[in-house]
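Dear colleague,

Please find the structure below, together with its sequence.

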Amino acid sequence: MSALLEVRSLSKSFGGLQAVKDLSFDVSEGEIVALIGPNGAGKTTVFALLSGFLEPDAGEIALRGRSIVGLKPHAICALGLARTFQIVRPFPHLSVLRNVMVGALARHPEPREAAARAEAVLVEVGLEARRAQAASGLTLAERKRLELARALATEPAVLLLDEVMAGLNAAETERIVELVLGINRRGVAIVLIEHVMRAVMSLSRRIVVINYGERIAEGVPDAVANDPRVIEAYLGDTAEG
Amino acid sequence: MTLPRVLLAAALAVLLVLPALPSLFGSYAVTVFTLIFFYGFLGQAWNIIGGYAGQLSAGHAAFVGVGAYAAAVLSQDAGLTPWIGMLVGGLLSAALGAVIGYLGFRFGLRGFYFVLLTVAFAELCRLVASNVDAIGGALGYYITFTGNPRHFQFQDSRAYYYIALGFMLLATGVVALIERRRFGMYLTAIREDESACEALGVDTFRVKLLAMVVSSFLTGMGGTFYAFYLFSLQPSTVFGIPLSVEIVIRPIVGGAGTLLGPIVGSFILSPLAELSRAYFAKGGWIGGHLVVYGLLLILVVLFLPQGAYPWLVKLGGGRFLGGGLRPPSDTSPQDGAGKAGARSGPS
């Protein structure tokens with residue numbers, strides 16, 4: 001069986017620092033996979049490798065069986081893999097609608113169609129009331145949703161979400177969880193990096209845990225949460241015995 | 001009717017009046033207006049790469065020079081009419097623009113480094129032109145006056161007025177078209193955040209390169225006007241940094257990345273330059289107008305960082321989102337005014 005996204009023996013180091021080491025995992029059609037690990041574990045580096053912003057030193061990444069290693073980010077996006085940025089990067093002086101349109105133009109070169117598509121996405125993420133505002137005037141929660149909306153507007157098969165819930169309150173987090181589930185129900189596979197464990201547990205069917213760039217555990221949420229290696233990675237080395 | 005529409009209507013009215021003006025004006029006023037249009041044109045051409053795409057080229061004189069020398073030399077030495085030489089000059093400039101763009105964008109030069117690259121190429125052109133005797137070397141290249149329209153030469157200076165006006169309208173039409181298409185939307189987005197664009201499927205390298213090629217092509221065409229308006233080309237002037245500054249400063253003062261910014265900027269600066277040049281020259285203060293430029297630029301950066309045009313729009317109660325983005329009612333084709341959250345401008 002070939003998965004939608006296959007990652008094999010991925011490695012990347014910066015100088016002497018091995019950020020990602022021999023990492024392998026799969027994402028199947030319509031799946032939600034969480035990528036978790038302590039700060040500095042290499043999660044965001046993995047996203048940068050998958051989306052073409054960084055090139056791996058070794059390893060293979062295949063989308064629908066086609067290698068995407070060495071492709072530019074825009075080409076990878078065209079093949080159906082979109083990402084959000086952990087530090088949101090809206091186009092601050094452009095309107096919310098225009099922000100999303102830039103994503104929609106990838107599949108709809110005609111501005112009129114792209115605008116219609118962007119409107120639909122804004123309704124889906126609940127930002128339609130902000131459509132005419134400059135993106136710089138949005139709250140953090142709204143910016144996170146805008147980040148999501150833009151990526152969604154490129155109509156991806158796989159969506160990489162980098163901490164879209166960080167810094168949000170409980171109610172806002174709940175809304176994003178609902179939104180992500182809704183997107184997933186339409187058949188979009190999702191890989192998410194997240195520190196909000198409640199969200200990770202309720203969203204993902206499978207969790208990949210990495211530490212120092214290496215996969216230390218993988219499995220269903222409950223199993224992973226009770227894995228001693230995971231607990232050790234998060235809480236530190238416990239005393240012997 | 002929203003304010004930008006009022007401004008647009010006003011602009012149209014002005015356009016209708018402009019063709020009639022030379023019959024009312026004295027020759028000095030015709031000259032000043034010719035310069036307003038020509039620098040407005042150059043500013044508009046620069047606006048594509050510098051304003052919309054936000055890639056600050058400070059070497060656009062290189063394209064004027066290449067276009068000017070190409071058309072002049074082809075006309076004088078090969079008998080090719082400058083009306084065609086103009087296209088050849090444009091193409092050569094576009095080729096040069098492609099080389100500069102390729103080097104700059106392929107190797108990811110941003111900000112100051114791109115500025116330096118463009119300046120370096122303009123200087124390189126200046127040195128080459130100064131040392132090739134076939135095109136006059138450092139002494140310059142002189143065009144024999146024939147007064148024949150086929151040679152892009154006119155007895156009546158009002159002809160230059162109309163041609164410069166035509167150039168400005170042409171470039172503005174090109175920019176207006178670009179603005180409404182995916183290409184233009186990508187340009188403004190690239191100016192805002194290039195990495196985010198890449199993530200959203202924008203081939204930023206190709207888009208920037210295309211912007212550079214279109215911009216340098218238009219600028220190169222302007223070289224023909226430059227050559228046959230002045231009848232002499234000096235490498236240190238036509239490829240010089242001062243000309244590059246003249247090109248850049250108008251759109252910045254008027255509003256870089258906006259459709260009317262370069263024109264507004266030229267209407268402010270060109271007469272000012274002309275008058276202060278004449279005034280300072282009388283007092284023996286050659287170059288004094290550059291001091292005026294400097295002061296004006298400081299004032300604009302301090303008080304109107306987006307330029308004069310966005311300020312005019314806001315002054316009238318309209319809203320302006322960033323350079324290049326017109327108020328919301330104009331952002332999307334089927335934008336209905338007054339939807340929730342969208343405060344529309346006064347009608």
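Contact between the two chains comes first: 32 residues of chain A are in contact with 29 residues of chain B. On the side of chain A that touches chain B, the helices α2 (73–79), α3 (96–104) and α4 (111–125) each supply at least two residues. The greatest contribution to that side is made by α3(A), with five residues. By type, the residues of this side of chain A comprise 17 nonpolar, seven polar and eight charged. Please bear in mind that this is a predicted model.

Chain A also holds an open sheet of six strands, in the order β6-β7-β8-β3-β9-β10, with mixed pairing. Its edge strands are β6 (81–83) and β10 (214–219) of chain A, each of which pairs on one side only. From one strand to the next, the twist averages 20°. Strand β9 (residues 206–211) of chain A runs antiparallel to β10(A), and five bridges join them. Within this pair, A:Ile207 stands opposite A:Gly219 in β10(A). Helix α9 (residues 228–235) of chain A packs on the sheet and touches β9 and β10 of chain A; the direction of α9 makes about 130° with that of β10(A).

Turning to chain B, the axes of helix α11 (residues 241–254) and helix α12 (residues 261–282) come within 6 Å and cross at roughly 105°. Angles of 65 to 115 degrees count as roughly perpendicular, and α11(B) and α12(B) are therefore roughly perpendicular to each other. The residues of their contact divide into nine nonpolar, four polar and one charged.

Definitions and conventions:
Residues are numbered from 1 along each chain as its sequence is written. Chains are lettered from A and ligands numbered from 1 in the order in which they are written. This is a predicted model: local features need pLDDT of at least 70, side-chain atom pairs count only at pLDDT 80 or more; totals for chains, interfaces and linings use all residues. Axes are lines fitted to C-alpha atoms, for helices over the stretch in contact, and angles run from 0 to 180 degrees between N-to-C directions. Helices (H or I, at least four residues) and strands (E, at least two) are DSSP runs, numbered from the N terminus. Angles under 35 degrees count as roughly parallel, over 145 as roughly antiparallel, 65 to 115 as roughly perpendicular and the rest as oblique. Ala, Val, Leu, Ile, Met, Phe, Trp, Tyr, Cys and Pro count as nonpolar, Asp, Glu, Lys and Arg as charged, and the others, Gly among them, as polar. Two residues are in contact if their C-beta atoms, placed from the backbone, lie within 7 Å. Two strands pair if DSSP finds at least two bridges between them.
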